[in-house]
Amino acid sequence: MSSQTIIQSLQPILGPDKLAESDYAATGCHLRAEAQPDQMSAVAAAMLEQRCYLESLTALDLVESFEVVYHFASFYELCRTVVHVPLAKGAEVATISPVYPAADWFEREVWEMFGITFMGHPNLKNLILPEDADFHPLLKDFVASS
């Protein structure tokens, strides 16, 4: 398995202009990809087929929009792939928890901290905050009360 194999696996899903090799020394990743929210189930399945695991999943609040960021790594050789998913405020992204069960907790954390909903997630509920919390503390416009 190499970055070229992953590119060949993801190109039919994302298209040729949505994948690029990256300078590992500078970025910590060998490949950078951009996916649409409804493509993530297929991307996750392709990454699993390439024998990669989900290393992390997080989000960025870009004020006007979000970006959901997935990091995948190979079980067998040093090959890391980062997938960025631009997301409008209020939009949803497909869950990848059926493909990667560990995504269950990552997606719950992103939902709790940013308010991003993962379509099809079986159990979106708070991990840390009280059950009745109606705020998302990692949003840029979040103001803590004293």
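**Strands, a helix and salt bridges**

Biologist: In which sense do β3 and β4 pair, and over how many bridges?
Modeller: β3 and β4 run antiparallel to each other, paired over 9 bridges. Two strands count as paired if DSSP finds at least two bridges between them. Helices (H or I, at least four residues) and strands (E, at least two) are DSSP runs, numbered from the N terminus.

Biologist: What should I know about the model itself?
Modeller: This is a predicted model, in which local features need pLDDT of at least 70 and side-chain atom pairs count only at pLDDT 80 or more, while totals for chains, interfaces and linings use all residues. Residues are numbered from 1 along each chain as its sequence is written, and side-chain values use heavy atoms, with hydrogens and water left out.

Biologist: How many residues lie between β3 and β4?
Modeller: The two strands form a hairpin with 3 residues between them. In that turn, V63 has a positive phi of about 70°.

Biologist: And which strand pairs with β4 over 9 bridges in a hairpin with 5 residues between?
Modeller: That is β5, which pairs with β4 in the antiparallel sense over 9 bridges. The hairpin of β4 and β5 has 5 residues between the strands. Within this pairing, Y70 stands opposite V83 in β5.

Biologist: Is H71 buried or exposed?
Modeller: H71 counts as buried, because its relative accessibility is 19%. Buried means under 20% relative accessible area, exposed means over 50%, and partly exposed lies in between (1.4 Å probe, protein chains only). H71 lies in strand β4 (residues 65-74), and 9 of the 10 residues of β4 are buried, so the strand is largely enclosed by the rest of the structure.

Biologist: What is H71 in contact with?
Modeller: Leaving aside neighbours within four places in sequence, the contacts of H71 (heavy atoms within 4.5 Å) are C29, Y53, L54, E55, S56, R80, T81 and V82. Of these residues, S56 stands opposite H71.

Biologist: Changing topic, what does α1 pack against?
Modeller: The buried residues of α1 are S3, I6, I7, S9, L10 and L14. They pack against β1 (19-21), β2 (31-34), α3 (40-49), β3 (52-61) and β5 (80-88). Just after α1, G15 takes a positive phi of about 95°.

Biologist: How many salt bridges are there?
Modeller: The count comes to 4, where a salt bridge is a side-chain nitrogen of Lys or Arg within 4 Å of a carboxyl oxygen of Asp or Glu. In one of them, the side chains of E34 and K18 meet at 3.9 Å, N to O. E34 lies in strand β2 and K18 in the loop between α1 and β1, so this pair ties together parts that are 16 residues apart in sequence.

Biologist: What does D61 form a salt bridge with?
Modeller: The partner of D61 is K89, with the closest N and O atoms 2.8 Å apart. Since D61 lies in strand β3 and K89 in the loop between β5 and β6 (92-94), the pair ties together parts that are 28 residues apart in sequence. D61 is buried, at a relative accessible area of 6%, whereas K89 is partly exposed, at 37%.

Biologist: Where do D104 and R108 lie?
Modeller: Both are in helix α4 (residues 103-114), 4 residues apart, which is about one turn of the helix. An α-helix has 3.6 residues a turn, so residues three or four places apart point the same way. D104 and R108 form a salt bridge with their closest N and O atoms 3.9 Å apart. D104 counts as buried at 14% relative accessibility, and R108 counts as buried at 7%.
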